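Take a look at the chain below.

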Amino acid sequence: MKTALLHSLFILLFFSCNQEKSDDQKKPFLNLDIPAGNNSSLPYLTKGPNNTLYLSWTENAGDTVIMKYTSLENGNWSTPLEIARGTDWFANWADYPMISVNQNGQMLAHYL
């Protein structure tokens, strides 16, 4: 009896979690070419006011590391802007430069 009840509950849970989403619940993926150069790495994506997306990354130019950012406006990335550059930065997959944007649009960048 317990086994039959458990099987019934499992089947009920399985089918209740496997519902199709309506068309207005489905969101299409958006493919965007990012404006970072060929020598870019360490991307970081964050959300700012009005759900604006901001993307930062680094670009290597010889011994110099350049940190840049852009924002997504009306489906297009804005012109990339340089935040900072240096020759003695410590940047790797775990310790990478990032930006943050508060609700007033003020930006903060950090790097080691």
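The tour starts with how to read the model.

This is a predicted model, in which local features need pLDDT of at least 70, side-chain atom pairs count only at pLDDT 80 or more, and totals for chains, interfaces and linings use all residues. Residues are numbered from 1 along each chain as its sequence is written, and side-chain values use heavy atoms, with hydrogens and water left out.

Begin with the fold. The chain has one helix and seven strands. Helices (H or I, at least four residues) and strands (E, at least two) are DSSP runs, numbered from the N terminus. From that end, the order is α-β-β-β-β-β-β-β.

Contact means heavy atoms within 4.5 Å. Of the contacts with a separation of 6 or more, 30% join residues 24 or more positions apart.

Now go inside. Of the 112 residues, 24% are buried, meaning under 20% relative accessible area (1.4 Å probe, protein chains only). A nonpolar core is a set of buried Ala, Val, Leu, Ile, Met, Phe, Trp, Tyr and Cys residues joined through side-chain atoms within 4.5 Å. The largest one has eight residues: Tyr 54, Val 65, Met 67, Tyr 69, Ala 84, Trp 89, Ile 99 and Val 101. Strands β3 (64-73) and β6 (98-101) each supply at least two residues of this core. β3 gives the most, with three. Another core, of five residues, lies apart from it; Ala 36, Leu 55, Leu 72 and Trp 77 are among them.

Terms used. Buried means under 20% relative accessible area, exposed over 50%, partly exposed in between (1.4 Å probe, protein chains only).
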